[in-house]
Every structure is written in C-alpha cells, then in structure tokens.
Amino acid sequence: NESSVCSTFGNCTALDTCSCIEGRFGANCSEFSCNLKRANDTSGCSSHGTCVGQNECACFENYFGKFCNESSCYGVLSNDTAVCSSHGTCQSFNSCSCDDDSFGEQCKLTCPYELSEYPQIATGRYSTLLVSYNNSFYIFGGHIQAITYFDMNTQKIEIAATSGGIAGYGLFFGQIGLNVYMFGGASYSKSKYVTSLTTMTISQLDGELPTGMAWGASSTYLDGFFTIGGLSSTSTGLEKISFYNATTNTLSEKTTMPSLSFGLGADRIDDLIVIYGGATLAAVLPSTNNLFYYNISSNNLVLKSYSNGPDPLYYMSVVANDRFIYIFGGRKGNNQYSDEIHRLDVDNVVFKSLSKKLTTPG
C-alpha cells in the first residue's frame with residue numbers, strides 16, 4: 001500500500017508482481033512510452049524523433065507535433081488542405097504522395113495534362129521513347145530527328161540534342177543506367193547509337209545490325225533490351241524476339257513469334273514480357289487483339305486467352321505498373337483511333353476498361 005509501489009504507475013497484485021497502467025512497461029512499471037510504444041520503439045515518435053519521457057518526443061529537424069507526426073512540404077504544413085497542391089498528402093518532409101490523377105514533385109500537374117503552349121519542336125508525332133531523368137522527361141524521336149525534354153519545374157519543353165541521321169520514329173531502344181541505346185527506325189538504318197543522359201551526346205557504336213528494322217516493341221532487361229517483332233528493311237515481318245546486349249554490343253535471336261508484329265505494344269514485369277496487339281502489312285492494316293506472355297527465364301512464348309479486352313489495336317501505348325499492364329489508346333484496323341484505357345491483371349489474365357478516357361484518341 002506504499003505510494004511508491006510499482007513506480008507509482010501500477011498496482012502490486014502479488015509478491016513482486018506489478019500490473020502497470022496503460023503506457024507503462026517493465027517489471028516495476030518504470031519504463032515509459034510514447035503513443036503506447038516502448039521508448040526504444042522508434043514508431044512511437046513516428047520514426048521522426050526520440051521518446052525521452054512519458055508521451056514526450058524530441059523531434060528531429062523539420063518534424064513537430066506531439067508524436068513528431070507532422071511536417072511540411074515545400075513550405076506548407078502537412079495538415080494544411082493546400083499541401084501538395086491539394087492533390088496529395090505530405091508523407092514526410094518535402095515528400096508528396098500524389099493522388100492517382102496528379103503527378104510532379106509537388107503534385108501540381110494533373111493527368112491528362114495539357115500544355116497551354118507547345119514549342120515548334122514538340123509538334124512531331126510518333127515519339128518513340130520517354131525517359132525520366134533529373135526531374136525531366138526526355139522524349140526521343142517523333143517525326144523530328146531530335147531529343148526534347150519536358151522540365152517538371154518550369155513546365156516547358158526544350159530541345160536537348162539533335163539526333164543527326166537517326167530516324168526519329170519506329171526506333172528500338174533501351175535505357176541502361178544513364179545511357180540510352182537505340183537503333184533501327186523508319187530509315188531502316190543498320191547503325192547503332194548510344195546517348196548519354198548526363199551530357200546529351202549521341203555516339204555511333206561499332207558494327208551494324210544484320211538488317212534494318214523498325215516498328216516493333218522494346219523492353220529493357222538487365223544489361224540490354226529485347227526487340228519484339230517489327231518490320232525489316234524489305235517490309236517483311238520480323239517474326240522473332242531478340243535481345244540486344246549493351247555490354248557486348250550484340251543482337252541475338254531468342255525465339256520466333258507470329259507474324260502480327262507490326263506496331264504491337266509490350267512491357268515487362270519481372271521476368272515476364274506482356275505483348276499485346278499488332279498488325280500486318282496488308283492494304284487495310286488489320287490489327288489483332290492477341291495477348292502473349294513471354295517468359296524470359298524459360299524463353300517461352302505463350303498465347304493467352306482472356307475476355308473483355310480492348311478492340312484489336314496497334315500503335316497503342318503499353319505501360320506496366322505493379323502487377324498490371326495499362327493499354328492507352330491505339331489505332332484500330334478501320335483506321336479509327338481509340339480513346340480508351342484498359343488495365344490487365346497480369347496474374348489473373350483479366351482486362352478492365354477504366355472510366356477515364358484520353359482527351360485525344362490515338
């Protein structure tokens with residue numbers, strides 16, 4: 001019955017046995033806590049401070065609040081509705097997590113995002129490759145023979161480098177580290193090139209391709225990238241999947257594939273490349289809705305069955321995210337253009353048509 005029993009933070013219920021009040025720990029209830037977490041548990045102060053007393057946190061720089069769970073993003077408090085441009089949440093100091101329809105460092109940009117003014121350099125079509133580097137998007141190709149970039153801070157499009165004799169569209173490409181390797185394209189050149197993202201210089205590599213090639217799909221993997229389908233310089237289908245090794249500067253065939261390989265779309269999830277659509281070179285350019293899974297490890301190409309997928313398409317954009325593949329727009333066999341966005345659950349092979357539409361079909 002002494003007042004100091006169990007460090008004044010519990011009841012003595014039996015010999016040398018304390019029943020501590022909520023938030024106190026230890027044999028004699030002498031250990032304090034923050035937010036009901038023991039003092040040595042960093043999550044008690046939101047991993048942004050040190051628990052120095054009962055529910056008393058010493059917060060690190062740029063964090064505050066009782067449990068150090070508040071901060072700021074770009075000068076706006078994390079609990080302010082205006083934080084992250086009102087299109088996201090401030091996860092930690094100067095780190096915004098944007099809503100699904102927004103992007104950018106401060107979530108200022110919404111998707112679809114339209115520039116109010118387009119420089120002349122940005123009017124080329126059939127742009128081939130988009131690379132994110134140094135808070136900018138670099139655009140390789142289009143009908144212009146140049147590399148342009150969209151600066152996320154200034155929201156302007158500028159020219160980064162001219163690509164000399166490289167055809168601006170229909171290229172095969174892959175980003176390996178801070179270098180972008182590319183070859184082929186609408187000119188059906190056999191030359192191979194590499195672009196440094198740090199210096200924006202383009203250099204021609206030694207050797208040539210066995211044939212000119214264009215209009216297929218590419219997928220980066222380890223120290224190179226896969227080329228999937230396409231057309232040769234003799235306007236015949238490249239009915240194969242090949243791998244370009246950037247280290248050895250060599251292109252080697254991996255497996256054959258069906259002839260509907262012109263304008264197809266593909267992207268990779270781990271060791272699996274998902275391939276959709278494509279067209280033949282017949283007069284009306286009939287397209288297909290074939291779906292293939294190519295397993296890199298086993299070098300096995302499998303045609304998959306599914307339901308509720310997009311119309312037969314070619315020239316669409318295919319992007320992987322998590323365990324899903326997103327298909328944006330595309331051209332239909334009747335020379336019409338799609339404004340739809342479809343999502344493929346890769347593991348269950350199930351398509352879903354999303355309610356959002358592209359502002360411009362294509």
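**Side-chain links, one by one**

The protein chain has 34 strands and zero helices. Keep in mind that this is a predicted model. Its average pLDDT is 83, and 87% of the residues score at least 70. Residues 112-125 are the stretch to be careful with: the pLDDT there is below 50, although the model still gives this stretch 19 contacts beyond near neighbours in sequence.

A bit more context before we zoom in. Of the 362 residues in the protein chain, 39% are buried. If you take the contacts between residues at least 6 apart in sequence, 34% of them join residues at least 24 apart. The accessible surface comes to about 18600 Å², and carbon and sulfur atoms account for 46% of that.

Now for the sulfur links. A disulfide is a covalent bond between the sulfur atoms of two cysteines. The model has eight disulfides, so let's walk through some of them.

One of them joins cysteine 20 to cysteine 29, with an S to S distance of 2.1 Å. That distance passes as a disulfide because the cut-off for the two sulfurs is 2.5 Å. The torsion about the S-S bond is -90°, which goes with a left-handed link. Look at the two ends, too. Cysteine 20 has a relative accessible area of 27%, so it counts as partly exposed. Cysteine 29 has 0%, so it is buried.

Cysteine 34 and cysteine 51 are each buried.

Then there's the disulfide between cysteine 59 and cysteine 68, at 2.1 Å from S to S. With a torsion of -95°, the link is left-handed. Cysteine 59 has 27% relative accessibility, so it is partly exposed, while cysteine 68 has 0% and is therefore buried.

What about cysteine 12? It is in no disulfide, and the nearest cysteine sulfur, from cysteine 6, is 5.2 Å away. Cysteine 12 is partly exposed, since its relative accessibility is 48%.

While you're at strand β3, have a peek at the loop between β3 and β4 (37-38), where asparagine 35 lies. Its phi is near 55°, a positive value in a residue other than glycine. Asparagine 35 is partly exposed, with a relative accessible area of 37%. Methionine 200 also has a positive phi near 55°, and it lies in the loop between β19 (192-196) and β20 (201-204). At 13% relative accessible area, methionine 200 is buried.

On to the charged pairs. Side chains of opposite charge can pair when their charged atoms come close. The structure holds five salt bridges. One of them brings together the side chains of glutamate 31 and arginine 38, at 2.8 Å from N to O. Glutamate 31 is partly exposed at 39% relative accessibility, and arginine 38 is partly exposed with a value of 39%.

Another salt bridge pairs arginine 323 with aspartate 270, and here the closest N and O atoms are 3.1 Å apart. This one reaches between distant parts of the chain: arginine 323 is in the loop between β31 (317-321) and β32 (324-328), aspartate 270 is in the loop between β27 (265-269) and β28 (272-276), and 53 residues separate them. Arginine 323 counts as partly exposed at 28%, but aspartate 270 has 53%, so it counts as exposed.

The last pair to visit is lysine 332 with aspartate 311, a salt bridge at 3.3 Å, N to O. Lysine 332 is in the loop between β32 and β33 (341-345) and aspartate 311 in the loop between β30 (300-303) and β31, so the bridge ties together parts 21 residues apart in sequence. Aspartate 311 is partly exposed, at 38% relative accessibility. And there's a network to find as well: salt bridges with shared partners join Asp270, Arg323 and Asp347.

Methods
Residues numbered from 1 in each chain as written. Predicted model: local features only at pLDDT ≥ 70, side-chain atom pairs only at ≥ 80, totals over all residues. Heavy atoms only, no water. pLDDT = per-residue confidence, 0-100. Contact = heavy atoms within 4.5 Å. Helix = DSSP H or I, 4+ residues; strand = E, 2+ residues; numbered from the N terminus. Buried < 20%, exposed > 50% of the residue type's maximum accessible area, 1.4 Å probe, protein only. Areas by Shrake-Rupley, 256 points an atom, 1.4 Å probe, with all protein chains shown as cover. Salt bridge = Lys/Arg side-chain N within 4 Å of Asp/Glu carboxyl O.
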